[in-house]
Amino acid sequence: MDLGEIVENWTGAARPTRKVLVGRFARVEPLGEAHFADLWAAYAADTEGAVWRYLLGGPFADEAAFRDYMADKPGSEDPLFFAFVDVESG
């Protein structure tokens, strides 16, 4: 059921846009293939596999399998995917 049918004068929120947001400590930017290697390195560092507990995909046997899974994420319209990048280290 659409909320417009329940709440008078209700309108949905504007969709987020693919733009870079820069803060003091982190930058939020649209996910791109350039992020895949760093994401894989972070996931692979988790030797106990805890990071995969709350993700929809994975764990993956290797970086190639991870990249295959991630391939369509940058172009997705719903949901939108973003990367959080440390401003200091990049």
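Predicted model: local features only at pLDDT ≥ 70, side-chain atom pairs only at ≥ 80, totals over all residues.
Hi everyone, and thanks for coming.

Let's start with charges. Side chains of opposite charge can pair when their charged atoms come close. How many salt bridges does a search of the whole structure find? It finds five, and I'll walk you through some of them.

Please find Glu 33 and Arg 67. These two form a salt bridge, with 3.8 Å between the closest N and O atoms. Where do they sit? Glu 33 is in the loop between β2 (26-30) and α1 (36-44), while Arg 67 belongs to helix α2 (residues 63-70), so this pair ties together parts that are 34 residues apart in sequence. Glu 33 counts as exposed because its relative accessibility is 57%. Arg 67, at 27%, counts as partly exposed.

Stay with Arg 67 for a moment, because Arg 67 also forms a salt bridge with Glu 63, and here the closest N and O atoms are 3.2 Å apart. Both residues lie in helix α2, four residues apart, which is about one turn of the helix. Glu 63 has a relative accessibility of 28%, so Glu 63 counts as partly exposed.

Now move along to Lys 73 and Asp 72. They form a salt bridge too, with the closest N and O atoms 3.2 Å apart. Asp 72 is exposed, at 52% relative accessibility, because exposed means over 50%.

Which residues make up the largest nonpolar core? There are 10 of them: Leu 31, Phe 36, Trp 40, Tyr 43, Trp 52, Phe 60, Phe 66, Met 70, Ala 83 and Val 85. At least two residues of this core come from each of α1, α2 and β3 (82-86). The most come from α1, which gives three.

Setting aside neighbours within four places in sequence, Met 70 is in contact with Leu 31, Phe 36 and Leu 39.

Key
Residues numbered from 1 in each chain as written. Heavy atoms only, no water. Salt bridge = Lys/Arg side-chain N within 4 Å of Asp/Glu carboxyl O. Buried < 20%, exposed > 50% of the residue type's maximum accessible area, 1.4 Å probe, protein only. Core = buried A, V, L, I, M, F, W, Y, C linked by side-chain atoms within 4.5 Å. Contact = heavy atoms within 4.5 Å.
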